[in-house]
Structure formats: C-alpha cells, structure tokens
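Student: I have just been handed a new structure and would like to go through it with you. Could you show it to me first?

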Amino acid sequence: MDIEIRDLHFSYESGVQALAGVSLTTGRGETVALVGHNGSGKSTLVKHLNGLLRPDAGEVLIDGKPTADLRVAQIARRVALLFQNPDNQICKGTVWEETVFGPKNLGYPEEKIRDLASDSLAALGLTEMRDRNPHDLGFSERKRLAIASILAMNTEAVVLDEPTAGLDSGEIKLLEAVLRGLRDHGRTVLVISHDMDFVAENMTRAICLGQGRKQYDGGLPGLFGDPALLKRCGLVLPQTVQVGSRLGLSPDRLTPEAVAAGLSEKRPSPSGDHPATSP
C-alpha cells in the first residue's frame, strides 16, 4: 500500500507546532524506521496515518485517497496503529476478546476472525493466555497482546510506536519474525523506535524528524555513516555498526551476520596469506 504525506503541518491547541511541512512517501512492502529526538513529531505524524489527527495544512493520502475524505473506520481497514503504551489500547476483559475486537469491527466473517486471532496470538507467544484478563498480565505480555491485536486486523499497513520497549530479547525475536512475515506478504511497516540495534537488523530505510521537520530520508548506511546527522537526531550507532567500524567495515555491515561475515573476510587463512587449494 502506498502512503503519501504532502507538506504536513500540525499544531496542538496549546500552540506547540509539532509538524512543519513534512513530506514523505512509503510503498508496498517497505519497512521504514521513523527516528529522532523525543518531541520531534514522530508520534504526531503517525496519528495522522489512521485519522486520529487531521492536518492543519497539507494532506495525507492512502493509495491516492486523501484521509480528509475518509472516516476513521475506513482508514482503520487499511492502517493499524500500535500505541507506545499498551494500556492506552487494551479495553477488553480477556486476551481473546481483545484480539478479536479489531477484526470484528472490520466486519470479517467469524471463521476468518478466529483464524486471524489464533494466528496472531501464536505468533506473539500468547496462545496459552487467551482466557486471562489482560490487566493481570505483565507489561511485556500486555505489549505483545497489543501487537497481536493489531496484527489480527490484517491491514495493508502497520504502524508501531516503540514496539520493543519493555520486551526482552526473546520477545523481540518474536516481533522480528512477525515483521518478516508482514514484509514477505507485501505489507507496509512503519516503526517509531529509539532502539537502533532493532532498526539496523529489521528496517531498510530511515526517516529522521527534528523539530517537526524531516532531517533525513534514505537508506540506513547513509544515516549510520553520518556522525553529524546522528548527533542532530539524538541517535547512537547500533552495536553491530560500532563493532564493524572498529574493524574498518563500512556502515552497510548492519546485522550481526554481516559483521560476522566481515570478520571472516578479514581473518587470514590458516595456511598463511593464501587459501589452500586442491592439488
């Protein structure tokens, strides 16, 4: 699904200008990180993507249709948004009821609803908790439930606000598998994150906001290879890029696997300067 933002301006009633002329596009199957300082306008921007906020000026288009012409319920069929705090999203009495709430409201048939909810809970490791009260769960479990409820809506675009916050390494691995599945099915994924290791390993593009304006839009090597830009955006290098940089590798060595491959390339052959050859 294509999302286009054209010269978006937005100010809150307090007078704070959160967005000042932001333009960007995302396409089908893209995995895009939205990064920058707290207060740079990231959460404000993504709330425009599902109609929770409406522009003061400029426009947001979903597959060419301005959101100004669409009801929130219509946009929800195309774009699902995960809030940073799961407690701002969870509203039902059991894990199962929470997970089926979204697809029910979107009008899916009962069998489809059951399949979507079951698959989503399984993907986030929550199947055994389906009858539990969400408010009896720990924070990371509630976070995974909120992600599962978004996943169950089966939308063409998924927007996640700080999805790794509060998750341990095993839970992040579950989330990464979910993102791979979305990407493989051609879904558009936009993720707000301060976790640069997660960004480096799972995203293909970064958009940096600062003071309500776009500071960068491009590939991750361009972001991680520009110290001045990183400082301006309040970001730190991922651990893999830090290791790679000490080894003299380029910033495109983003994942642990890529760094390991770089190490192998630099490691001398056991027999000396030249690899062994068959007689």
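This is a predicted model: local features need pLDDT of at least 70, side-chain atom pairs count only at pLDDT 80 or more; totals for chains, interfaces and linings use all residues.

Student: At what angle do the axes of α5 and α6 cross, and within what distance do they come?

Tutor: The axes of α5, residues 139-151, and α6, residues 169-184, cross at roughly 10 degrees and come within 11 Å.

Student: Which residues in α5 meet which in α6?

Tutor: From α5 there are Ser 140, Glu 141, Arg 144, Ile 147 and Leu 151, and what they meet in α6 is Glu 171, Leu 174, Leu 175, Val 178 and Leu 182. Sorted by class, the residues of this contact divide into 6 nonpolar, 1 polar and 3 charged.

Student: Okay, cavities next. How many of 30 Å³ or more does the structure hold?

Tutor: The structure holds 1 cavity of 30 Å³ or more, and the largest cavity has a volume of about 40 Å³.

Student: What lines the largest cavity?

Tutor: Its lining is made of Ile 147, Ile 150, Leu 151, Val 158, Leu 160, Val 178, Leu 179 and Leu 182, and the elements that give two or more residues to it are α5, β7 (157-161) and α6. By class, that lining has 8 nonpolar residues, with no polar and no charged ones. Ile 147, Leu 151, Val 178 and Leu 182, which belong to this lining, also take part in the contact of α5 with α6.

Student: And pockets? What volume does the largest pocket have?

Tutor: The largest pocket has a volume of about 470 Å³ and is lined by 21 residues, of which Ala 76, Phe 101, Gly 102, Ile 150 and Met 153 lie nearest its centre. Two or more residues of the lining come from each of α2 (72-76), β6 (79-82), α3 (95-105) and α5. The lining divides into 14 nonpolar, 5 polar and 2 charged residues.

Student: Which residues are closest to the centre of the second largest pocket?

Tutor: That pocket has a volume of about 240 Å³, and of the 13 residues that line it, Ser 120, Leu 151, Asn 154, Leu 182 and Arg 187 are the closest to its centre. The elements giving two or more residues to the lining are α4 (110-123) and α6, and the largest share, 5 residues, comes from α4. By class, the lining divides into 6 nonpolar, 4 polar and 3 charged residues.

Key:
Residues are numbered from 1 along each chain as its sequence is written. Side-chain values use heavy atoms; hydrogens and water are left out. Axes are lines fitted to C-alpha atoms, for helices over the stretch in contact, and angles run from 0 to 180 degrees between N-to-C directions. Helices (H or I, at least four residues) and strands (E, at least two) are DSSP runs, numbered from the N terminus. Contact means heavy atoms within 4.5 Å. Ala, Val, Leu, Ile, Met, Phe, Trp, Tyr, Cys and Pro count as nonpolar, Asp, Glu, Lys and Arg as charged, and the others, Gly among them, as polar. On a 1 Å grid over the protein atoms alone, a cavity is a set of points where a 1.4 Å probe fits but cannot get out, and a pocket is an open set with protein on both sides within 12 Å along at least five of seven lines; lining residues have an atom within 4 Å of a point. Grid points are joined across faces, edges and corners, and a volume is the space filled by probe spheres set on the points.
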